[in-house]
Amino acid sequence: MGVTTALEWLGSCSGCEIAILNIGEALVPIITEALDIVHAPVLMDHKYFGQCGEGVTLTIPEAVVGIVTGGVSNHEHLEVLEEMRKKCKVLIALGTCATHGGIPALMNGQDRQQSWEEVYQTVTTDPGAQIPNVEVPAPLDRVYACDEKVKIDMQLPGCPPNPELIAEVIVSLLENRAPVLPGKSVCDTCPTRREGKGDVEKVKRFITNATFKPGEPIDQMRCLLEQGYLCMGPVTAAGCAKRGAPACISARVPCRGCFGPVRKDGNQLLDMMNALASNGIDYKSVVDRRSLLRFSGAHGMLRPVKKRADKED
Amino acid sequence: MTRSDMIVELLGDFGYEPERFSLTWVSSAEPDKFVAAVTEMTARIKKLGPVNRQDASVA
Amino acid sequence: MGKVLNIAPVSRIEGHAKIAIHLDDQGNVQDSFLHIQSLRGFEKFIEGRPAEEVPRIVNRICGICPWMHHLASNKAVDGAFGVTPTETGYKLREMCQVMAHINDKILHFFFLAAPDFVLGPDADYAVRNVIGVVKAAPELATQVVKMRQLGQMMLDKFAGKAIHPIAGVVGGFAKPMIEEERQELLAGTRTLLDFACFALDFAINNVFAKYLDVISDLGVIKTGFLGTVDRADGSLRLYDGKQRLMKPDGSYVDFEGKDYTQYLGEHVEPWGYSKMPYAKSWNEGFDMNLAAPKGIYRANTLARINVCDKISTPKAQAALEAFRASFGRPAQQTLLYHYARLIELVYACERTIELLEWEGITDPKVRAKVEPKAGRGVGIVEAPRGTLIHDYTTDDNGCIVKANLIVGTTHNIAPMNMSVKQAATTLIKNGVYNQGLLNQVEMAVRAYDP
């Protein structure tokens, strides 16, 4: 009999679930023998309120391993997360939304109420529409990472997380050992050529392709920061590299920090500004600095920009 | 000096009013200037109110 | 005493939903609702972002169809900046898009939908899932897992990331294809085409033949259809073309995507976060009444198969002809979505091969010159789930000031509600229900692959 496992998704886009499937053929013995999946809405039919929907309390069965993806942005997410914490012995937060807020936490930088109102006032929306509020979960005041609400036993960021690391975490749990995870930053896993900053004084927008010879291996391409692009490799946790180079770099595209900060409580905006300033690069040349927090906007990092408080006293 | 300009702008990125930061040069022979600077800053901050009133709606 | 059955969460779909079935005192269905539970607000929080960054933010709208958002977004930014991608850039994007369709359809049919057909709709819920399929049909399952993985890894290796892609850029594509990559992709796609033809045959003989009565009864409604067709010959297109809006009687109107606001409106109900697009241009308003629907049309595979005049690739065209011989045009039966999905799977493989065999696919000119500026662009692609519309307005700095998104699956929210109502009303009478019947109600939703 396998180890009982529950999988839930909160404010998730399903990318983490597809990343799990991308473990490939090795996943088959894991899900059919090593694990006994007792609850996983994406793949199987266990229901919250009984199989005929007559119950009133949201219930998830007990499980040794719980995996939760997505951030916490409404009351149902919170209820499901708390129930997962209650019923699972080991709770894993999978993906950057669960560990740091992820892209949906960009909403933390906006006025949530006003934004929601405007969503229901777009050019094609029937006039007079109100924000729905019947039988739909009410939003929280902002988007939270899972560990802001419950204790999390293991964090595995990534947008999406690396399937090899997901498999490593599951297998290490089953084998009762610590997982082998890469440490440090994306730069540590990047083989591009470093020659020094040269005469780069400003960062440029990614509106031209990087300079490289098509088909040439990645280690022949000059580091994208040195080419003058904003690349968040120095301030982003390692983990995305497959086939010898960080994922985006392998497509000749600069990093935007999707694995979250190098240290759990790092600040990707401040750290990047520091890195640029230390290298004499004009921080003002970064258009839309706040989007450097696009993956790590939970934990109070992103807040609405205050308008001038002239009337306060 | 560039770094202090940067600090003010970055404070704004995180939702803090620029008035919460100030860089003033005072020598040890200018006690009045020091007192004035601290008094003015204290009054300014009191007027702005506590930082964690972020969730209160602002004008 | 009337009661409410809350089927939550709706399982084996790609999102968060709850079906509420309201029974009257006699235990008959009084009403039913498909409550969509989530709202994130992408349209708002991309405001202020440099437009060229947006394609790698909005791809996160969906982890199963990220390429669709990524490319519709790139097309919208192209439009706002007044850029025309190079021909190679255009075709590399299309190739990635149709390849992503391949993986998506294998995933949906075999991992999500097949358990109902292979194990039976009434099977014990503990086995009625992909794990049960692996145990019941291990050879088929191994093949399926291998094929899906092959498709995903081909895309992952060529474009850097299969999930949440970054290789589409304003003006084209981030990197050229080299001959070695092209040969590898061709070999892989030919394997996938063989599998696609096998999958279609398998489904026709083992699923559709067996479940013909379920197909003709479950969740059947009468609606119009929306899809994309080639501007020149009206054939099925997934990446680019003109939009075709068909009425239930089969008559249709073609329009250029940028004029979509004249044809589509979005209705809002207080009991679900997702808006419900409807055909504003039919001037009949919006009504989900099963006997007399108004303004209701469907998108996604069955819609595209219905609206296209033909398919430009041979094997898929043959399959389409066989389909139309059996079911006509337009076909309305909801479960035929699965059949249409597999026809499209064959097309996607054939089209990928066509694009790879084009002599210019390895040309290094993959990105046109880009200058950020103020403008408006509407980018439309056919996502697996339906016509996806990204509409952006930019300022002089090339940053987004306004955005409107109509996500493919939302075209089907109203139709799904109708199918649920039809299925629940037909299956549940006099208070008699069980988990198998309720699963069949969910099957009416699953067909739409929401």
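## Basis of the model

Residues are numbered from 1 along each chain as its sequence is written, while chains are lettered from A and ligands numbered from 1 in the order in which they are written. Because the model is predicted, local features need pLDDT of at least 70 and side-chain atom pairs count only at pLDDT 80 or more, whereas totals for chains, interfaces and linings use all residues.

## Chain C and chain B

Chain C holds 13 helices and 14 strands, where helices (H or I, at least four residues) and strands (E, at least two) are DSSP runs numbered from the N terminus. Of the 450 residues in chain C, 64% are buried, a residue being buried if 20 or more other C-beta atoms lie within 10 Å of its own, exposed if 12 or fewer, and partly exposed in between, with C-beta atoms placed from the backbone. Among the contacts in chain C with a separation of 6 or more, 69% join residues 24 or more positions apart; two residues are in contact if their C-beta atoms, placed from the backbone, lie within 7 Å.

Helix α6 of chain C, residues 138-159, has 22 residues and reaches 31 Å from its first C-alpha to its last, close to the expected 32 Å, which is 1.5 Å times one less than its number of residues. After α6(C) comes Gly160(C), with a positive phi near 90 degrees. Chain B, by contrast, has two helices and zero strands, and 7% of its 59 residues count as buried.

## The two domains of chain A

Chain A is assigned domain 1 (3-174) and domain 2 (182-303), with bounds that come from an automatic or database domain assignment. The centres of these two domains, taken over C-alpha atoms, are 28 Å apart, and 21 residues of domain 1 of chain A are in contact with 16 residues of domain 2 of chain A. On the domain 1 side, α4 (96-100), β6 (139-144) and α6 (163-174) of chain A each give two or more residues, and the largest share, three residues, is that of α4(A).

Ala178(A) is found in the loop between α6 and α7 of chain A, and is exposed because it has 8 other C-beta atoms within 10 Å.

## Contact between chains A and C

The contact takes 72 residues from chain A and 79 residues from chain C. The largest share of the chain A side, five residues, comes from α1(A), and by class that side has 36 nonpolar, 21 polar and 15 charged residues; Ala, Val, Leu, Ile, Met, Phe, Trp, Tyr, Cys and Pro count as nonpolar, Asp, Glu, Lys and Arg as charged, and the others, Gly among them, as polar.

## The largest nonpolar core

The largest nonpolar core has 249 residues, and those with the most contacts inside it are Val68(A), Ile343(C) and Val346(C); such a core is a set of buried Ala, Val, Leu, Ile, Met, Phe, Trp, Tyr and Cys residues joined through C-beta atoms within 7 Å. Helix α4 (residues 87-118) of chain C gives the largest share of this core, 15 residues. Both domain 1 and domain 2 of chain A give residues to this core, so it lies between them.
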